[in-house]
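Please keep the sequence and the model open while reading.

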There are 2 protein chains.
Amino acid sequence: MDERVREHAELLIDWSARVEPGDDVVVRFDAAAHELAVATAAALGERGANMVAVTSSEELSRAYQLAHDGDFEADPAHELALYERADVVLSLGGGRNTAASADVPGGTAQAYARARQGIREARLDSRWVSTVHPTRSLAQQAGMAYEEYREFAYGAILRDWERLAGEMARLKELFDAGSEVRIRKGGTDLTMSIEGRTAVNSAASVAYDSHNLPSGEVFTAPYDTEGEVVFDVPITVRGRRLRDVRLTFEDGAVVDYAAAEGESVVGDLLDTDEGARRLGELGVGMNRGIDRLTDNVLFDEKTGDTVHLALGRAYDANLPEGESGNDSAIHVDLITDMSGERGSATLSVDGETVQRDGRFRWEDGFA
Amino acid sequence: MDERVREHAELLIDWSARVEPGDDVVVRFDAAAHELAVATAAALGERGANMVAVTSSEELSRAYQLAHDGDFEADPAHELALYERADVVLSLGGGRNTAASADVPGGTAQAYARARQGIREARLDSRWVSTVHPTRSLAQQAGMAYEEYREFAYGAILRDWERLAGEMARLKELFDAGSEVRIRKGGTDLTMSIEGRTAVNSAASVAYDSHNLPSGEVFTAPYDTEGEVVFDVPITVRGRRLRDVRLTFEDGAVVDYAAAEGESVVGDLLDTDEGARRLGELGVGMNRGIDRLTDNVLFDEKTGDTVHLALGRAYDANLPEGESGNDSAIHVDLITDMSGERGSATLSVDGETVQRDGRFRWEDGFA
């Protein structure tokens with residue numbers, strides 16, 4: 001086994017999920033992530049944790065959903081019990097085909113997601129972490145050779161997370177003290193409130209309320225969104241390509257949408273439920289170890305010089321204790337590139353420019 | 001997808017497990033059985049059942065057990081809850097290497113099995129069915145080409161089970177009415193009591209208290225075993241070959257053992273717990289569709305002309321209501337060939353010969 005697979009598993013268990021002896025752990029993995037699952041099983045055994053390994057094979061899920069009449073039972077008791085009793089849930093992405101469920105009708109996928117909201121909540125109540133095993137299909141989606149892609153992925157994953165956390169603390173402080181964020185660039189002028197919300201310094205560890213490996217972003221839960229935004233970073237959602245998605249917000253909700261590609265997917269997403277038309281997240285990518293876009297949201301949204309917004313569910317970590325934020329069965333991130341235009345792409349907090357053309361005001365090159 | 005994979009999945013769901021809409025189903029499958037798992041997922045979706053797919057990858061289990069200090073927690077709450085709430089548990093065997101866990105020390109495997117006894121009980125309380133997807137590694141173990149092996153396996157699985165059940169009812173009646181079974185052939189002379197026990201007409205369906213697909217055997221739970229038996233059908237257990245295992249019974253328990261190959265595995269099995277030294281099952285193979293030995297117990301023990309005995313746990317279906325039979329963390333079948341010797345291999349019930357050299361007394365050729 002490649003030593004990096006072992007390092008990845010140990011980082012996941014120790015730094016990210018903070019697994020302790022006796023923890024009840026669910027490991028979810030897709031078919032091509034078997035090698036990382038084996039390394040994770042060894043790391044869990046060594047720490048004296050308990051493991052159930054569940055498949056998240058998209059081919060299985062597709063076959064099930066396509067054959068079902070669509071009237072899905074809400075939160076089946078056996079699956080709900082598994083996640084309610086889990087201390088830790090680790091999701092190891094990595095299939096054999098990123099378009100494996102491309103032919104599942106949007107309405108079916110929505111109904112399936114809605115029926116599993118309780119299971120999702122139970123998972124989000126655990127010390128959950130999502131990561132990805134670099135597979136050939138992800139290399140293909142990135143337009144990269146397999147070995148080249150593995151170099152890229154491990155370069156983003158096997159980092160000094162404690163040091164990055166120190167850098168990201170600066171932006172978190174600005175967001176925590178601020179009331180309104182405004183994003184401006186060609187075609188985009190969006191304002192949103194962040195008053196009373198707490199930003200997360202997402203350093204790839206549950207100890208930082210951060211649940212992705214790799215991570216490297218600062219995110220909060222905005223509301224009262226107004227204006228227009230174009231997401232110019234292409235991204236694959238549910239096996240379908242989305243390009244130049246344009247959303248118009250009034251009173252916090254999407255009132256109009258368009259896309260150069262994948263417009264019907266956007267429509268399906270927005271129709272999932274009430275909360276799917278509102279934002280659950282504003283995130284600012286700060287992982288400069290991710291040096292290119294690879295059409296994989298887990299990496300792309302962390303890229304330095306990008307900002308992303310998620311339709312749907314907000315994370316509790318951004319909210320005051322006991323308060324509930326935007327609720328939805330979906331959480332879909334859309335990304336815009338802040339580096340592409342000279343002097344015109346700005347992120348500001350309460351009228352002060354914090355980032356211009358991808359440079360933060362504390363960085364060299366900020367004009 | 002090969003049409004036979006689909007037929008296999010539908011037989012499993014409808015005939016074997018009798019899945020109903022709304023059933024909470026756990027599908028366990030090993031890495032190379034993914035295709036059958038996909039077909040099973042489609043069949044479950046179509047019937048409106050709920051599915052959780054769990055991996056039974058031997059590579060994962062090996063990695064976990066080898067890394068663990070061996071002091072396994074008993075019945076982890078999340079896994080126990082999953083199986084306690086399951087209506088149906090389907091196990092789809094089929095890995096990439098039948099020796100995948102050959103280097104797990106016997107003591108570790110025993111400790112792991114003992115720690116999961118509650119989980120096993122919960123699984124056995126469900127409508128459970130074990131089947132196998134014909135894989136390249138199973139073909140290799142059988143010494144057969146892949147396509148040849150698939151012909152063999154589907155020939156054994158895709159049968160008219162209702163008709164076979166009619167034939168097997170004859171032997172069940174003899175066992176139900178009888179008190180003592182005696183097996184004699186060269187090197188073997190074994191008697192055991194079956195008084196008060198109920199034989200199962202194992203027709204590959206939970207409706208017959210039968211939990212294997214393929215099946216085709218009549219089995220009961222013997223006790224007070226006395227004498228000596230040689231198992232001359234080689235079989236692989238825990239990735240290790242067992243050949244010519246010889247057991248000596250006194251007062252129902254093994255007091256001496258030997259083997260031409262794999263003797264230490266036999267010792268490890270017998271040391272698992274108290275019940276591992278006693279028999280949990282006497283089974284008579286009656287599936288003449290299985291026309292050769294393939295070193296896979298699921299098939300071999302059903303072969304016409306064979307008799308098998310299992311060390312360890314007895315099945316509740318053989319016992320009077322509320323009575324508990326032999327208890328153990330293991331259930332390991334060992335097989336003897338009744339066809340090989342002229343006139344000297346006999347199975348008798350209360351002194352009357354029921355089978356001689358593999359022929360039943362109601363069959364042509366019974367001398």
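## Symmetry

Chain A superposes on chain B by a rotation of 180° with 0.0 Å of shift along its axis, at an RMSD of 0.0 Å. V54(A) has the C-alpha nearest the axis in chain A, 2.1 Å from it. Both copies use the same surface: 100% of the contact residues of chain A recur in chain B. Contact here means heavy atoms within 4.5 Å.

This is a predicted model: local features need pLDDT of at least 70, side-chain atom pairs count only at pLDDT 80 or more, and totals for chains, interfaces and linings use all residues. Residues are numbered from 1 along each chain as its sequence is written, chains are lettered from A and ligands numbered from 1 in the order in which they are written, and side-chain values use heavy atoms, with hydrogens and water left out.

## The interface between A and B

On chain A, 40 residues are in contact with 40 residues of chain B. The area buried between the chains is about 3,300 Å². That is the accessible area (1.4 Å probe) that two parts lose on being put together, summed over both. Carbon and sulfur atoms give 66% of it. In chain A, L60(A), Y64(A) and H78(A) lose the most area to chain B, together 22% of what that side buries.

Polar contacts between the chains link 14 residue pairs, both residues at pLDDT 80 or more. Such a contact is a pair of N or O atoms within 3.5 Å; within protein, one must be able to donate a hydrogen and the other to accept it, and residues adjacent in sequence count only if both atoms are side-chain atoms. Salt bridges between chain A and chain B number zero. A salt bridge needs a side-chain nitrogen of Lys or Arg within 4 Å of a carboxyl oxygen of Asp or Glu.

Five elements of chain A each supply at least two residues to the side that touches chain B: β1 (24–29), α2 (34–47), β2 (50–55), α3 (58–67) and α4 (77–84). Helices (H or I, at least four residues) and strands (E, at least two) are DSSP runs, numbered from the N terminus. α2(A) gives the most, with eight residues. This side of chain A divides into 23 nonpolar, nine polar and eight charged residues.

## An enclosed helix in chain B

Helix α5 of chain B covers residues 106–115. Eight of its 10 residues are buried, so the helix is largely enclosed by the rest of the structure. Buried means under 20% relative accessible area, exposed over 50%, partly exposed in between (1.4 Å probe, protein chains only). Among the buried residues are T108(B), Q110(B) and Y112(B). The buried residues pack against α3 (58–67), α6 (117–124) and α10 (263–270) of chain B.

## Salt bridges

The whole structure holds 52 salt bridges over all chains. R163(A) pairs with E167(A), the closest N and O atoms being 3.0 Å apart. Both sit in helix α9 (residues 161–177) of chain A, four residues apart, so about one helical turn separates them. E167(A) is partly exposed, at 34% relative accessible area.

E352(A) and R361(A) form another salt bridge (3.1 Å, N to O). E352(A) is partly exposed at 49%, and R361(A) is partly exposed at 36%. Salt bridges that share partners also join D2(A), R4(A), E147(A), R150(A) and E151(A) into one network.

Technical notes. Ala, Val, Leu, Ile, Met, Phe, Trp, Tyr, Cys and Pro count as nonpolar, Asp, Glu, Lys and Arg as charged, and the others, Gly among them, as polar. Copies are superposed by least squares on the C-alpha atoms of residues with pLDDT of at least 70 in both.
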